[in-house]
Amino acid sequence: MSEAVGGKEEVSALARGLSLLKVIGMSAAPVGNRELADTTGIPKATVSRLTATLVGAGFLRQSQDSERFSLGPVLLDMSSRYLRNFDLRSLARPHLGNLAELSGASIHMAVRDDLDMLVIDSLRPRSALISSRIDVGSRMSIATSASGRAYIGALPAAEQSALLEQIRLETGENWHAIEPRLIASLEEYARLGYCTSFGEWNPQIHALGFALAGPRGERYGVSCGGPAYLLPRETMLSRVAPRMLEIAHRIATEAGTLTLD
(Lines give C-alpha, C1' and ligand atoms only; values in the text may rest on other atoms or scores of the structure.)
Protein backbone atom coordinates (compact mmCIF):
# COMPACT_ATOMS: atom_id res chain seq x y z
CA MET A 1 0.00 0.00 0.00
CA SER A 2 2.81 2.41 0.84
CA GLU A 3 4.28 1.85 -2.63
CA ALA A 4 0.97 2.85 -4.23
CA VAL A 5 0.81 6.00 -2.13
CA GLY A 6 4.41 6.80 -2.99
CA GLY A 7 3.63 6.30 -6.67
CA LYS A 8 0.78 8.75 -6.47
CA GLU A 9 3.00 11.29 -4.74
CA GLU A 10 5.66 10.89 -7.42
CA VAL A 11 3.12 11.42 -10.19
CA SER A 12 1.77 14.48 -8.39
CA ALA A 13 5.28 15.91 -8.00
CA LEU A 14 5.98 15.28 -11.68
CA ALA A 15 2.75 17.00 -12.71
CA ARG A 16 3.59 19.99 -10.53
CA GLY A 17 7.10 20.21 -11.92
CA LEU A 18 5.80 20.09 -15.48
CA SER A 19 3.28 22.83 -14.70
CA LEU A 20 6.14 25.03 -13.46
CA LEU A 21 8.11 24.37 -16.65
CA LYS A 22 5.09 25.33 -18.74
CA VAL A 23 4.54 28.61 -16.87
CA ILE A 24 8.22 29.54 -17.13
CA GLY A 25 8.33 28.57 -20.79
CA MET A 26 5.35 30.79 -21.61
CA SER A 27 6.77 33.77 -19.72
CA ALA A 28 8.58 36.58 -21.51
CA ALA A 29 11.04 37.02 -18.62
CA PRO A 30 12.52 34.92 -15.79
CA VAL A 31 9.94 34.01 -13.14
CA GLY A 32 10.35 33.86 -9.35
CA ASN A 33 9.08 31.26 -6.89
CA ARG A 34 6.40 33.56 -5.49
CA GLU A 35 4.97 34.30 -8.92
CA LEU A 36 5.06 30.59 -9.77
CA ALA A 37 3.21 29.78 -6.57
CA ASP A 38 0.57 32.44 -7.26
CA THR A 39 0.11 31.32 -10.87
CA THR A 40 -0.07 27.57 -10.27
CA GLY A 41 -1.60 27.44 -6.78
CA ILE A 42 1.26 25.23 -5.61
CA PRO A 43 2.54 26.14 -2.10
CA LYS A 44 5.65 28.32 -2.26
CA ALA A 45 7.70 25.89 -0.15
CA THR A 46 6.89 23.12 -2.63
CA VAL A 47 7.66 25.41 -5.56
CA SER A 48 11.07 26.19 -4.05
CA ARG A 49 11.91 22.49 -3.74
CA LEU A 50 10.73 21.75 -7.27
CA THR A 51 12.65 24.61 -8.88
CA ALA A 52 15.80 23.60 -6.98
CA THR A 53 15.41 20.05 -8.30
CA LEU A 54 14.79 21.26 -11.85
CA VAL A 55 17.83 23.56 -11.71
CA GLY A 56 19.98 20.66 -10.52
CA ALA A 57 18.76 18.51 -13.41
CA GLY A 58 19.39 21.24 -15.98
CA PHE A 59 15.74 21.80 -16.85
CA LEU A 60 15.82 25.30 -15.37
CA ARG A 61 18.47 28.00 -15.17
CA GLN A 62 18.54 30.32 -12.15
CA SER A 63 19.33 33.97 -12.72
CA GLN A 64 22.52 35.06 -11.00
CA ASP A 65 21.99 36.38 -7.45
CA SER A 66 18.19 36.05 -7.67
CA GLU A 67 15.38 33.58 -7.17
CA ARG A 68 14.16 33.83 -10.74
CA PHE A 69 14.20 31.09 -13.34
CA SER A 70 14.20 30.51 -17.08
CA LEU A 71 14.27 27.32 -19.12
CA GLY A 72 17.54 25.41 -18.99
CA PRO A 73 19.86 23.83 -21.57
CA VAL A 74 18.48 20.30 -21.18
CA LEU A 75 15.16 21.44 -22.65
CA LEU A 76 16.95 22.99 -25.63
CA ASP A 77 18.68 19.68 -26.29
CA MET A 78 15.38 17.80 -25.96
CA SER A 79 13.68 20.27 -28.32
CA SER A 80 16.40 19.77 -30.91
CA ARG A 81 16.00 16.00 -30.66
CA TYR A 82 12.22 16.40 -30.96
CA LEU A 83 12.54 18.44 -34.16
CA ARG A 84 15.00 15.97 -35.67
CA ASN A 85 12.30 13.31 -35.50
CA PHE A 86 10.15 15.18 -38.00
CA ASP A 87 11.11 13.47 -41.27
CA LEU A 88 8.58 15.52 -43.23
CA ARG A 89 10.09 18.76 -41.97
CA SER A 90 13.37 18.23 -43.81
CA LEU A 91 11.60 16.89 -46.89
CA ALA A 92 9.17 19.81 -47.04
CA ARG A 93 11.61 22.62 -46.28
CA PRO A 94 13.00 23.16 -49.83
CA HIS A 95 9.49 23.21 -51.26
CA LEU A 96 8.20 25.57 -48.59
CA GLY A 97 11.20 27.82 -49.18
CA ASN A 98 10.27 27.98 -52.86
CA LEU A 99 6.70 28.82 -51.91
CA ALA A 100 7.92 31.66 -49.71
CA GLU A 101 9.93 33.13 -52.60
CA LEU A 102 7.20 32.63 -55.21
CA SER A 103 4.45 34.12 -53.06
CA GLY A 104 6.36 36.74 -51.10
CA ALA A 105 4.74 35.28 -47.97
CA SER A 106 6.06 33.76 -44.76
CA ILE A 107 5.56 30.02 -44.30
CA HIS A 108 4.97 28.37 -40.93
CA MET A 109 4.79 24.61 -40.41
CA ALA A 110 3.09 23.59 -37.17
CA VAL A 111 1.90 20.64 -35.11
CA ARG A 112 -1.03 20.51 -32.75
CA ASP A 113 -0.51 21.08 -29.02
CA ASP A 114 -3.92 20.91 -27.32
CA LEU A 115 -5.84 23.88 -28.82
CA ASP A 116 -2.76 25.61 -30.21
CA MET A 117 -0.65 25.05 -33.28
CA LEU A 118 3.02 24.98 -32.29
CA VAL A 119 5.38 26.25 -35.01
CA ILE A 120 8.21 23.80 -35.77
CA ASP A 121 9.59 25.53 -38.88
CA SER A 122 9.42 29.06 -40.20
CA LEU A 123 10.60 30.41 -43.57
CA ARG A 124 10.56 33.93 -44.96
CA PRO A 125 11.16 35.25 -48.48
CA ARG A 126 14.54 36.90 -48.99
CA SER A 127 12.70 39.96 -50.29
CA ALA A 128 10.73 40.47 -47.08
CA LEU A 129 10.95 44.05 -45.83
CA ILE A 130 9.17 43.26 -42.58
CA SER A 131 10.27 40.31 -40.46
CA SER A 132 7.52 38.14 -39.03
CA ARG A 133 7.40 37.73 -35.27
CA ILE A 134 6.25 34.15 -35.71
CA ASP A 135 9.19 31.82 -35.24
CA VAL A 136 9.90 28.25 -34.16
CA GLY A 137 8.19 27.72 -30.81
CA SER A 138 5.46 30.32 -31.45
CA ARG A 139 1.84 29.35 -30.88
CA MET A 140 -1.25 30.10 -32.92
CA SER A 141 -4.87 29.38 -32.05
CA ILE A 142 -6.09 26.23 -33.75
CA ALA A 143 -9.57 27.74 -34.24
CA THR A 144 -8.62 31.05 -35.87
CA SER A 145 -5.27 30.47 -37.60
CA ALA A 146 -5.04 29.19 -41.16
CA SER A 147 -2.73 26.33 -40.18
CA GLY A 148 -5.06 25.31 -37.36
CA ARG A 149 -8.14 25.32 -39.53
CA ALA A 150 -6.35 23.30 -42.18
CA TYR A 151 -5.28 20.80 -39.54
CA ILE A 152 -8.88 20.41 -38.39
CA GLY A 153 -10.17 20.25 -41.95
CA ALA A 154 -7.88 17.34 -42.80
CA LEU A 155 -8.94 15.18 -39.85
CA PRO A 156 -11.18 12.13 -40.28
CA ALA A 157 -14.81 12.92 -39.41
CA ALA A 158 -14.82 11.36 -35.93
CA GLU A 159 -11.58 13.07 -34.86
CA GLN A 160 -12.76 16.36 -36.32
CA SER A 161 -16.05 16.20 -34.40
CA ALA A 162 -14.26 15.41 -31.14
CA LEU A 163 -11.85 18.31 -31.59
CA LEU A 164 -14.65 20.74 -32.45
CA GLU A 165 -16.46 19.69 -29.30
CA GLN A 166 -13.30 20.31 -27.26
CA ILE A 167 -12.97 23.76 -28.80
CA ARG A 168 -16.64 24.49 -28.04
CA LEU A 169 -16.26 23.50 -24.40
CA GLU A 170 -13.00 25.37 -23.83
CA THR A 171 -13.99 28.59 -25.62
CA GLY A 172 -17.25 28.84 -23.65
CA GLU A 173 -19.27 31.95 -24.41
CA ASN A 174 -16.86 32.89 -27.24
CA TRP A 175 -17.91 29.81 -29.21
CA HIS A 176 -20.90 31.56 -30.79
CA ALA A 177 -18.51 34.08 -32.38
CA ILE A 178 -15.94 31.48 -33.45
CA GLU A 179 -18.24 28.74 -34.75
CA PRO A 180 -19.71 30.27 -37.96
CA ARG A 181 -16.37 31.23 -39.49
CA LEU A 182 -14.67 28.05 -38.35
CA ILE A 183 -17.36 25.83 -39.87
CA ALA A 184 -17.29 27.89 -43.07
CA SER A 185 -13.52 27.46 -43.18
CA LEU A 186 -13.81 23.67 -42.85
CA GLU A 187 -16.29 23.62 -45.72
CA GLU A 188 -13.85 25.79 -47.65
CA TYR A 189 -11.07 23.27 -46.99
CA ALA A 190 -13.22 20.37 -48.15
CA ARG A 191 -14.09 22.25 -51.33
CA LEU A 192 -10.77 23.89 -52.23
CA GLY A 193 -8.05 21.94 -50.44
CA TYR A 194 -7.08 24.96 -48.35
CA CYS A 195 -8.66 27.39 -45.95
CA THR A 196 -8.30 31.09 -45.21
CA SER A 197 -7.83 33.38 -42.27
CA PHE A 198 -8.17 37.00 -43.28
CA GLY A 199 -7.49 39.08 -40.17
CA GLU A 200 -9.04 36.58 -37.75
CA TRP A 201 -6.01 35.20 -35.92
CA ASN A 202 -4.36 38.64 -36.19
CA PRO A 203 -6.20 41.68 -37.61
CA GLN A 204 -3.14 42.65 -39.68
CA ILE A 205 -2.38 39.21 -41.11
CA HIS A 206 -3.81 37.44 -44.16
CA ALA A 207 -3.04 33.73 -44.47
CA LEU A 208 -3.94 30.56 -46.32
CA GLY A 209 -3.54 27.13 -44.77
CA PHE A 210 -3.12 23.56 -45.94
CA ALA A 211 -2.41 20.26 -44.21
CA LEU A 212 0.27 17.62 -44.66
CA ALA A 213 0.66 14.07 -43.40
CA GLY A 214 3.98 12.51 -42.46
CA PRO A 215 5.16 9.01 -43.37
CA ARG A 216 4.17 7.66 -39.93
CA GLY A 217 0.71 9.23 -39.97
CA GLU A 218 1.65 12.41 -38.10
CA ARG A 219 -0.26 15.52 -39.12
CA TYR A 220 0.83 19.10 -39.74
CA GLY A 221 -0.79 22.43 -40.52
CA VAL A 222 1.03 24.88 -42.80
CA SER A 223 0.22 28.56 -43.18
CA CYS A 224 1.29 30.90 -45.95
CA GLY A 225 0.72 34.56 -45.20
CA GLY A 226 1.91 37.99 -44.23
CA PRO A 227 0.84 41.62 -43.73
CA ALA A 228 -2.62 42.28 -45.11
CA TYR A 229 -1.56 45.44 -46.93
CA LEU A 230 1.13 43.50 -48.85
CA LEU A 231 -0.99 40.41 -49.44
CA PRO A 232 -4.60 41.54 -50.01
CA ARG A 233 -7.36 38.97 -50.19
CA GLU A 234 -7.55 38.93 -53.98
CA THR A 235 -3.80 38.41 -54.33
CA MET A 236 -3.88 35.55 -51.86
CA LEU A 237 -6.73 33.80 -53.65
CA SER A 238 -5.74 34.39 -57.29
CA ARG A 239 -1.93 34.26 -57.15
CA VAL A 240 -0.78 32.56 -53.95
CA ALA A 241 -3.39 29.79 -53.58
CA PRO A 242 -2.64 27.99 -56.89
CA ARG A 243 1.09 27.96 -56.15
CA MET A 244 0.46 26.77 -52.62
CA LEU A 245 -1.66 23.84 -53.80
CA GLU A 246 1.00 22.87 -56.33
CA ILE A 247 3.68 22.85 -53.62
CA ALA A 248 1.44 20.86 -51.27
CA HIS A 249 0.93 18.25 -54.00
CA ARG A 250 4.68 17.98 -54.61
CA ILE A 251 5.41 17.43 -50.93
CA ALA A 252 2.65 14.81 -50.59
CA THR A 253 3.93 13.03 -53.70
CA GLU A 254 7.48 12.82 -52.38
CA ALA A 255 6.26 11.75 -48.94
CA GLY A 256 3.94 9.12 -50.44
CA THR A 257 0.93 10.65 -48.66
CA LEU A 258 -1.29 12.08 -51.35
CA THR A 259 -4.36 11.70 -49.12
CA LEU A 260 -4.82 12.27 -45.39
CA ASP A 261 -7.49 9.59 -44.92
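Which strand is Thr-196 found in? Thr-196 sits in β7, a strand covering residues 195-198; helices (H or I, at least four residues) and strands (E, at least two) are DSSP runs numbered from the N terminus. Keep in mind that this is a predicted model, where local features need pLDDT of at least 70, side-chain atom pairs count only at pLDDT 80 or more, and totals for chains, interfaces and linings use all residues. Residues are numbered from 1 along each chain as its sequence is written, and side-chain values use heavy atoms, with hydrogens and water left out.

Thr-196 is buried, with a relative accessible area of 1%. Buried means under 20% relative accessible area, exposed over 50%, and partly exposed in between (1.4 Å probe, protein chains only). Leaving aside neighbours within four places in sequence, Thr-196 is in contact (heavy atoms within 4.5 Å) with residues including Arg-149, Ser-185 and Leu-237.

Arg-149 takes us to α6, where it is one of the buried residues.

Now look at α7, residues 157-171. Here Gln-160, Leu-163, Leu-164, Ile-167 and Thr-171 are buried. Seen down the axis of α7, the buried residues fall within an arc of 100°, so they line one face of the helix; the arc is that of the directions from the helix axis to the C-beta atoms. Over on the other side of α7, Ala-158 and Leu-169 are exposed. The cover over the buried residues of α7 includes α6 (146-153), along with β4 (106-113) and α8 (175-192). After α7 comes Gly-172, with a positive phi near 60°.

Note on methods:
The expected span of a helix is 1.5 Å times one less than its number of residues.
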